[in-house]
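Here's a quick briefing to read alongside the model. Have the sequence and the 3D view open as you go.

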Amino acid sequence: MADTTAATALIAGSATFIAGAAIGVPRVFTEPDREQKWRLLSEHLLWWRLSQPLYALGALLAALGVGALAASGHAAARAWLAVSCALLVVGALAWSWSVYRRAVDPREFAMGRLPGWPFAAYIWSTFAGLCLLGVGLLLGDWPDW
């Protein structure tokens, strides 16, 4: 049952994150000109603000899915998955702060003036968490795909 809960949370988290990316303003991330970024955001401000919580919720749901895996009873993998979950939660919380700031002050985001540490913490915590997730999955006795 825990494996089903974990899979559901991981899929829901991924789908929620992707939904945020789909309804937001994805062109803003590849636009090099900061004034043009601001124009894009200001023209689609409602969608930008609606997408930000979906980004945060997606990351949190995925982290909880890994937590459900850690609780599933695969003894060899439990510690690795628990640490993975903790790192993913830390990353998701940093990411949540980052997307909150992006929603509250999109002009500062467009101009590159928001603090960079929450995004960096999200990236590095998530990277480490995913590495440990891989170790945990390899050590667990789940069926091969």
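A quick definition to start: a salt bridge here is a side-chain nitrogen of Lys or Arg within 4 Å of a carboxyl oxygen of Asp or Glu. Keep in mind that this is a predicted model. With that cut-off in hand, we can look at a lysine, then a helix pair, then a residue in helix 1.

**K37, a lysine with no salt bridge**
- You'll find K37 in helix 2, which covers residues 34–43.
- K37 is buried, yet it makes no salt bridge.
- The nearest side chain of opposite charge belongs to E31, and it sits 7.9 Å away.
- Setting aside neighbours within four places in sequence, K37 is in contact with V28, E31 and A110.

**Helix 3 against helix 4**
- Two packed helices are described by the angle between their axes and the distance between the axes.
- For helix 3 (residues 45–70) and helix 4 (residues 75–104), the axes come within 8 Å and cross at roughly 170°.
- Angles over 145 degrees count as roughly antiparallel, so helix 3 and helix 4 are roughly antiparallel to each other.
- Sorting the residues of the contact between helix 3 and helix 4 gives 20 nonpolar, 4 polar and 3 charged.

**A2 and its contacts**
- A2 belongs to helix 1, residues 2–23.
- Its relative accessible area is 26%, so A2 is partly exposed.
- Not counting residues up to four places away in sequence, A2 touches A68 and S72.
- A2 and S72 are 70 residues apart in sequence, but their C-alpha atoms are 5.2 Å apart in space.

Technical notes:
Residues are numbered from 1 along each chain as its sequence is written. This is a predicted model: local features need pLDDT of at least 70, side-chain atom pairs count only at pLDDT 80 or more; totals for chains, interfaces and linings use all residues. Side-chain values use heavy atoms; hydrogens and water are left out. Helices (H or I, at least four residues) and strands (E, at least two) are DSSP runs, numbered from the N terminus. Buried means under 20% relative accessible area, exposed over 50%, partly exposed in between (1.4 Å probe, protein chains only). Contact means heavy atoms within 4.5 Å. Axes are lines fitted to C-alpha atoms, for helices over the stretch in contact, and angles run from 0 to 180 degrees between N-to-C directions. Angles under 35 degrees count as roughly parallel, over 145 as roughly antiparallel, 65 to 115 as roughly perpendicular and the rest as oblique. Ala, Val, Leu, Ile, Met, Phe, Trp, Tyr, Cys and Pro count as nonpolar, Asp, Glu, Lys and Arg as charged, and the others, Gly among them, as polar. Lys and Arg count as positive and Asp and Glu as negative; His and the chain ends are not counted.
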